[in-house]
Amino acid sequence: LDRDVIAQGLGQALHARVLRLDAGPLPDYARDPVLLPNTLPPERHRGYAVQWFALAAAVVAVILILLFRSRPA
């Protein structure tokens, strides 16, 4: 996000801050105090994409096999 463009659209200045939920009032809420904007490397994203496309191909293959196999008379 471009902070300057948003500030211009709103017509007021924006502060360069990050808001995070305070875990104080919620005893069961656990949070990591370090802000990690992206925890997965690109190789991991590609791995998930390949995995899901392979699953989709396997489903299509099973459907085609079940549709075109000879049915007993």
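Why does Leu64 count as partly exposed? Leu64 has 40% relative accessibility, so it counts as partly exposed (under 20% is buried, over 50% exposed, partly exposed in between; 1.4 Å probe, protein chains only). The views below come from a predicted model, where local features need pLDDT of at least 70, side-chain atom pairs count only at pLDDT 80 or more, and totals for chains, interfaces and linings use all residues. Residues are numbered from 1 along each chain as its sequence is written, and side-chain values use heavy atoms, without hydrogens and water.

**View 1. The whole protein has two helices and zero strands.** Helices (H or I, at least four residues) and strands (E, at least two) are DSSP runs, numbered from the N terminus. Of the 73 residues, 1% count as buried. The accessible surface is about 7200 Å² (Shrake-Rupley method, 1.4 Å probe; for residues, only the protein chains shown count as cover). Carbon and sulfur atoms hold 64% of that surface.

**View 2. Leu64 sits in helix α2, residues 42-68.** Leu64 belongs to a nonpolar surface patch. Its other members include Tyr48, Trp52, Ile63 and Phe68. Together the patch residues have about 930 Å² of accessible area. Patch residues have over 30% relative accessible area and no salt bridge, with nonpolar side chains joined within 5 Å and like charges within 9 Å. A salt bridge puts a side-chain nitrogen of Lys or Arg within 4 Å of a carboxyl oxygen of Asp or Glu.

**View 3. His15 lies in the loop between α1 (3-10) and α2.** His15 counts as exposed because its relative accessibility is 64%. Arg3 is twelve residues from His15 in sequence. Their C-alpha atoms are 8.8 Å apart.
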